[in-house]
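Dear colleague,

Please find below the structure I am handing over to you. A summary of the findings follows it.

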Amino acid sequence: MPVDFRDCHYRGRSSGLRSDWKRWPDLFPSGPGGDPRDFATGTSRRGAEAGRQMRTQVAIIGAGPAGQLLGQLLGRAGIDTVIVERSSRAHVLSRIRAGVLEQGMADLLVEAGAGERLLREGLVHHGVWLAFANRRHRIDLTGLTGGRHVTVYGQTEVTRDLLQARDAMGAPI
């Protein structure tokens, strides 16, 4: 079941968030995508779920690719996580960013169970061409890196794949 970050309680030993958890609505106001409660379901939750507490082993701040990949890897290792995101799912999925993945990142997405579409649709490049002084120069990435390559695959698509993998695990955001 999706978790509203306003319902999460921090019970750690360190300083910082412990004294501020009641202020989370002030610390994480609605982002450009709308009310943060709308992230997972598209609707605001009130009534029975309001004020609900949750326990988790790890809280991850941010549902971008890094936060989601961490959540996915920890979840596959049997570690409970909750991802806290201030923006709506639609906003997170609409953020257009870089689109070239090094092979290590592509391999990690596959290991995390979120790389099926990447393997099917990503464009593998074994080198790049650079042009200067009216000449083209090829940089052989595969030859220079012992067989590695890069894959062109948009960060928005990585985010979409990670969200779908997290949904499939039934893990909260």
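**Salt bridges**

Across the whole structure, which is a predicted model, the search finds nine salt bridges. One of them is formed by D167 and R89, with the closest N and O atoms 3.1 Å apart. This pair links distant parts of the chain, since D167 belongs to helix α8 (residues 155–169) and R89 to helix α4 (residues 89–94), 78 residues apart. D167 is partly exposed, at a relative accessible area of 41%.

Within helix α6 (residues 116–121), E116 and R120 lie four residues apart, about one turn of the helix. Their side chains meet in a salt bridge of 3.6 Å, N to O. E116 is exposed, with a relative accessible area of 64%, and R120 is exposed as well, at 53%.

D161 and R117 form a further salt bridge, the closest N and O atoms being 2.9 Å apart. D161 is buried, with a relative accessible area of 7%, and R117 is buried at 17%. Salt bridges with shared partners connect E116, R117, R120, E121, E157, R160 and D161 into one network.

**Sheet and aromatic rings**

Three strands form an open sheet in the order β3-β7-β4, with antiparallel pairing. β3 (100–102) and β4 (123–125) stand at the edges with a single partner strand each, so one side of each has no neighbour in the sheet. Three bridges join β3 to β7 (residues 150–152), and V100 has V152 as its bridge partner in β7.

The structure holds zero aromatic pairs. R136, however, lies over the face of W129, at 4.2 Å from the ring centre.

With kind regards

Definitions and conventions. Residues numbered from 1 in each chain as written. Predicted model: local features only at pLDDT ≥ 70, side-chain atom pairs only at ≥ 80, totals over all residues. Heavy atoms only, no water. Phe/Tyr/Trp six-rings, centres within 6.5 Å; stacked < 30°, edge-to-face > 60°. Lys NZ or Arg CZ within 6 Å of the ring centre and 35° of its normal. Pairing = 2+ DSSP bridges. Helix = DSSP H or I, 4+ residues; strand = E, 2+ residues; numbered from the N terminus. Salt bridge = Lys/Arg side-chain N within 4 Å of Asp/Glu carboxyl O. Buried < 20%, exposed > 50% of the residue type's maximum accessible area, 1.4 Å probe, protein only.
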